[in-house]
Amino acid sequence: MDFELMQESWPKLVGAIPETLILAGSSLSIGFVIAVFVALARLSSNKVLSNLAYGYMYIFRSTPLLVQIFLIYYGSGQFRPFLEEYGLWVFFKESWFCAILALTLNTGAYTSEIIRGGIQSVPWGQLEAARACGMSGFLLFRRITFPIAMRQALPGYGNEIILMIKSTSLASIITILEITGVAKKIIAATWSPVEIFIIAGGIYLAINFILTRLVQWAEIKLSPQLYRDRVSFWTMLFKKEENPTAVDQVAR
Amino acid sequence: MDLSLLVYGDAGWGDEMLMGALMTIAVATCSYLLGIVFGAVFATMKLSHYYILRLIADAYTTIIRGIPELLVIYLVFFGGGAVLRSVAKGVFGYGEYIDLPIFVTGMLCIGISSGAYSTEVIRGAVQAVPVGQIEAARAVGMSKWLRFWRILVPQVARYALPGLGNVWQLTLKETSLISVIGLADIMRHSYIAMGSTKEPFTFFLTAFFLYLGLASISNRGFLRAETWSNRGVRVT
């Protein structure tokens, strides 16, 4: 074990954390918006719309992310004259744009399924009650369907967040220097994979650990009626055994 | 887009893409099976009475599921050869330069990560078998091994099948990453073809549809296997 190398290289790897988080954060947030629309299209009574949404979801979930990234990053080069004509080439020549576009389309497909599940799990009675109060359309969606659906979808969405953090590593293949990219560069130069792997892997584990705990905390905050004690985020992060226990539904 | 580039034979890249697809299928199948072996072993460890075994298995699934596969691939690709050489030198006294074949490296990497997901699926399936069944088997005097083969395995296989189907889809998609270290799979062949024809979109679109086809066909296969495994089970 080469501790000197570890000491030398950890600042470089830690310095690459923002790149990973920017990639994941921007694609998750844009992807989420896409996913809401796709989920709604999927559930709409319009056959064409729902089939289109299904096709998008199916295609992007059945193919590797790497193909999607290459298709956008390298594939756009084949249409360069066309893209230049419409002024789009400035975007497609940037590897950052291509990576975020591919990641966004990918997470949009996965998230749309999670959100669809959430929307479908909204109890019918809630919608009936809202209609009885005179809500309809967008108001009903904004006030009743969406909040309840989000609570249902949150655990699944937490998994998707972790998957996206892991997926950002593929951006390193198209020259973006996020954590994995930097790690590969150092490994290739020093030929000591274990040391770098420990640091880079540790960083990913730490990010994912904090994110899972954040999602759990959000779950509690959004459905406080299900939990006995109030908890702060810090107690959740550091004291596992003091995690709040869900109150037994039947007992209530 | 020039589709004549995709003809089969010397003039086009059709045969290369097909060979790539076969390679993808081969490496996906091997690493999937390896993953199931890992999954069975680590699921047993997770359900064991010994704290240390549970700890090891927990560490395995947490670490592998928490870090990107690409990082694992780099670790095995750059580190596997060194380990192999030191073992060869220390244990067998073989000092020549040897390296892991790329197929084995890829199979190991994807197998390790697929194994972490299989572990959770198999553990869940084992826990889904009602305790009463094991007790009943014990009551009629079955030995430990007989209980395992006659009661546990058939039911675990049935419960685990949907989850293992998902793991297969994951594994199939993950194999695309091994092209990064040079295995001649679909991605690698598309990349080479792109280099010499300057038509990246054509080839990556072909790759896209090849993966889509593989995923759809195997998905259908798993659905049929599920129906088959549930025959005779009462639907409530």
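Reply: The account below begins with the contact between the chains and then turns to each chain separately.

Between the two chains, 31 residues of chain A are in contact with 27 residues of chain B. On the side of chain A that touches chain B, at least two residues each come from helix 3 (47–62), helix 4 (65–73), helix 10 (179–190) and helix 11 (193–222) of chain A. Helix 11 of chain A gives the most to this side, with 8 residues. By residue class, the side of chain A that touches chain B comprises 19 nonpolar, 10 polar and 2 charged residues.

Helix 11 of chain A also has a part in a contact inside its own chain. Chain A is divided into domain 1 (1–16 + 177–252) and domain 2 (20–174). Across this division, 16 residues of domain 1 of chain A are in contact with 13 residues of domain 2 of chain A. Helix 10 and helix 11 of chain A are the elements that give two or more residues to the side of domain 1 that touches domain 2. The largest share of that side, 9 residues, is supplied by helix 11 of chain A. The residues on the side of domain 1 of chain A that touches domain 2 of chain A divide into 8 nonpolar, 5 polar and 3 charged.

Confidence in chain A should be considered next. Its average pLDDT is 87, and 90% of the residues score at least 70. Among the elements of chain A, helix 2 (residues 17–43) has the highest mean pLDDT (95), whereas helix 12 (residues 233–238) has the lowest (68). Over residues 241–252 of chain A, pLDDT stays under 50, and the model has 14 contacts beyond four places in sequence for this stretch. Where pLDDT is low, the predicted coordinates should not be read in detail.

Among contacts in chain B with a separation of 6 or more, 74% are between residues 24 or more positions apart.

B:G80 lies in helix 3 (residues 69–92) of chain B. Because 17 C-beta neighbours fall inside 10 Å, B:G80 counts as partly exposed. Leaving aside residues up to four places away in sequence, B:G80 touches B:L100 and B:T105. B:T105 is 25 residues from B:G80 in sequence, yet the C-alpha atoms of the two are 7.6 Å apart.

B:I134 belongs to helix 5 (residues 131–139) of chain B. This residue is likewise partly exposed, because 15 other C-beta atoms lie within 10 Å. Beyond residues up to four places away in sequence, B:I134 touches B:R147 and B:I151. The C-alpha atoms of B:I134 and B:F148 are separated by 9.0 Å, and the two residues are 14 apart along the chain.

Definitions and conventions
Residues are numbered from 1 along each chain as its sequence is written. Chains are lettered from A and ligands numbered from 1 in the order in which they are written. This is a predicted model: local features need pLDDT of at least 70, side-chain atom pairs count only at pLDDT 80 or more; totals for chains, interfaces and linings use all residues. Two residues are in contact if their C-beta atoms, placed from the backbone, lie within 7 Å. Helices (H or I, at least four residues) and strands (E, at least two) are DSSP runs, numbered from the N terminus. Ala, Val, Leu, Ile, Met, Phe, Trp, Tyr, Cys and Pro count as nonpolar, Asp, Glu, Lys and Arg as charged, and the others, Gly among them, as polar. A residue is buried if 20 or more other C-beta atoms lie within 10 Å of its own, exposed if 12 or fewer, and partly exposed in between; C-beta atoms are placed from the backbone. pLDDT is the predictor's confidence in each residue, from 0 to 100. Domain bounds come from an automatic or database domain assignment.
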